[in-house]
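Student: Please take me closely through one part of this model. Start with how its elements pack, and keep it plain.

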Amino acid sequence: MNEIAAKKIEINGIVQGVGFRPFVYRMAGLNNITGEVANTSAGVVIHAEGLIGDIDRFCRDISEKTPILAKITEMTAGDCPTGGFDAFAIVKSEKGKTRSTMISPDVSVCEDCLCEMLDPSDRRYRYPFVNCTNCGPRYTIIADVPYDRPKTSMKSFAMCPACQAEYDDPGNRRFHAQPNACPVCGPSVTLFDNRQTRISVADPILKTAKLLKAGHVLAIKGLGGFHLAADAENPGAVAKLRQGKLREEKPFAVMSYDLERIRRFAHFDEDEKALLVSFRRPIVLLKKKPGNPLAEAVSPRNRYFGVMLPYTPLHCLLLKENFTALVMTSGNISSEPICIDNGDAFDRLSGIADFFLMHNRDILLRSDDSIVRVAAESERFVRRSRGYVPVPIFLKRKMPNVLAPGAELKNTVCLLKSDRAFVSQHIGDMENLETYDFFRATIRHLKNILDIEPQAIAHDLHPDYMSTRYALEQDGIRKIAVQHHHAHIVSCMAENHADGPVIGLSFDGTGYGTDGKIWGGEVLVTEYKRFTRAAHFEYLPMPGSAAAIKEPWRMGVSCLCHVFGENFRRPGLDMWQEINEKKAGVVAGMIRKRINSPETSSLGRLFDGVAAILGVRTTVRFEGQAAMELEMLADANETATYDYAWEKGDVRKILIRPIIEGVARDAEGGVALSKIAGKFHATLIRLFTDLCAEIRKETGINMVALGGGVFQNGLLLAGMTRELSRAGFAVISNRLVPANDGGISLGQAVVAAWILDHA
Ligand code: ZN
Ligand code: ZN
Ligand code: FE
């Protein structure tokens, strides 16, 4: 038993740029193992020698004590000849042919680095770019793989002897930390005014804090792009920022120094706290505290604040300066992509920002802040971006290489390879050329760093989506069309490793249907390759087409015309306090004559209609606003429902009439809005639970998948999950990608891969 044995251990996963080799080195020391560890193009390979029992313990330690940023997806160990090693060593990277190693996302500054930065005797005291193998920038500074300093935006900073010594020492926390830097050799910050004149001060960060305190708006270069910052307690500063950004009502995210300060203005429970402090540092949606000190304009007419903790050392230094919170919103105007380049920031943001806090470490890949919330007892993405990307979604089986360019709004792209789906960072609404350029650059970059040459490209059915046009322009590659709501359900199935078929509830605002109409309230019996439409809301005209999305009162009129015909002007409704009857009459005429009134089965639009009828929202400033306010208004404990019904047939039609009749009757009768909104939600939950039960009887399918942007509604998500489970269904929903159109690219990719595989 005292014989020396040797094993070759191969490990795949996220094991590079995350301090994995120093970790292996330490575990070897603890277990009396000799040999070596090296990075390969596929991951990490270890030659381990020692007593059998020690090798076993070594392997167990590696899989059980894995560093927080690492993720082992595959670990194999095989016997091999002993090599007579008398020590354990970390050896140089091997140059490989394939590049399947995964890249770490950007990681918030760690406790060790923070302690150094706040220690006056440390050589990195108040140095805003301190980092180590456990923290710091990754995805946003990588130009190419393998991940080595010359292939990052740190290449222009040569390490000083002190930093180099840390970098070379296997026992050091900065061993092979590619962005390692200090005040002597690394990046630095500089303050400018908006005429690009440098402001010479000893500590630009302290000066920045003073300027913010004085009510100025600042552009601050961050990790994945610029932020526009203002003191969240200063109504004047926040108002100025709103004006400059051309953003009248969409909530601004805020950043706060620590949990204590967040407690001054928002509630959070244990789950929300865990998300706030996670190294991914997303923006977490938290319930506002009544009478909180933040300016009303930070998040007007909303029950929530989007809150994050500082994630770069620079943020920590800034936020420490006695702010309850700073607004930290993306550095862009309206719907353009966030600025990442210093020159570009001056060009585009000078009209908004009074001053610019710049630094000279280039951002190679733009990455917006991620946004999450806790709903139905789980983390849910509103936007999956910085801190999460490029961690792949692991699929149940290996699939062909596919590129999916996503949808039009909240665009992401997805590259699929083997059993991994790499969903890109948030790209945005494809409404302008700048966003389209970012979209193409992201596809190019991801193909390169992930080494994926797609065999096929998926695309939406909508002929006018920029992503569809992009796909159709690509030569010499197979194109596979994927229906929007099918993609929503498959994204949910894929991340949950469901085999299908499932009953898919695909609820959103807009998606192009196979009949050319606008879908969005769909019950689809779904397999990966195909779907059949089992039910949908009956079609309603959308008077004015896109105008009906911006002006929910048009959907209100459409609902009322559908139910009451000529008598749509029900006098007791609050809607008429905001919408004059003449305007409504014109729209009613459009509906009657079918002028510019495409038909839609969208549940998102039905939410709009109900919100308008109740006078909650007759016009909106951003997509989904009316539905969101209806949710926030609703009494979550309401169990009474309105009548509901569907027409039988191959494709069932869910009737609008009984629901709208009930809503209008209650509204005219002066029933409280919270009760009506609660009843409306309860109605949908009961309706779809019953409908699913009927479909189960016919098909025997017992799994329901929930997908589409409407499921950002926490009340509906939690209620559907609860009631369907009570009815004996297995219920799956999106946790790893957004339920909204940010998750479409995953669904497109998986559908296309299945079609390729099973042609
Ligand atoms: Zn660190
Ligand atoms: Zn240095
Ligand atoms: Fe959608």
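Tutor: Helices (H or I, at least four residues) and strands (E, at least two) are DSSP runs, numbered from the N terminus. Axes are lines fitted to C-alpha atoms, for helices over the stretch in contact, with angles from 0 to 180 degrees between N-to-C directions. This is a predicted model, where local features need pLDDT of at least 70 and side-chain atom pairs count only at pLDDT 80 or more, while totals for chains, interfaces and linings use all residues. Residues are numbered from 1 along each chain as its sequence is written, chains are lettered from A and ligands numbered from 1 in the order written, and side-chain values use heavy atoms, without hydrogens or water.

Look at helix H18 (residues 625-633) and helix H20 (residues 673-699). Their axes are 8 Å apart, and the helices pack at about 110 degrees. That makes H18 roughly perpendicular (65 to 115 degrees) to H20. From H18, Leu630, Glu631 and Leu633 make contact (heavy atoms within 4.5 Å) with H20. On the H20 side they meet Leu673, Ser674, Ala677, Phe680 and His681.

Take the open sheet of five strands, in the order S4-S1-S3-S2-S5. Its pairing is mixed; two strands pair if DSSP finds at least two bridges between them. Strand S4 (71-79) and strand S5 (88-90) are at the edges. Each has a single partner strand, so one side of each has no neighbour in the sheet. From one strand to the next, the twist averages 20 degrees.

Strand S2 (residues 34-39) pairs with S5 in the parallel sense, over three bridges. Here Val37 stands opposite Ile90 in S5.

Helix H1 (residues 20-30) lies across strand S1 (4-14), S2, strand S3 (44-51), S4 and S5. H1 runs at about 175 degrees to S5. Helix H2 (residues 52-64) lies across S1, S3 and S4. H2 runs at about 145 degrees to S3.

Now a single residue, Gly521. You will find Gly521 in strand S22 (residues 518-526). Gly521 has 0% relative accessibility, so it counts as buried (under 20% relative accessible area; exposed is over 50%, partly exposed in between, with a 1.4 Å probe and protein chains only). Beyond its neighbours within four places in sequence, Gly521 is in contact with residues including Phe507, His536, Phe537 and Leu603. Glu723 lies 202 residues away along the chain, and the C-alpha atoms of Gly521 and Glu723 are separated by 19 Å.

Key
Angles under 35 degrees count as roughly parallel, over 145 as roughly antiparallel, 65 to 115 as roughly perpendicular and the rest as oblique.
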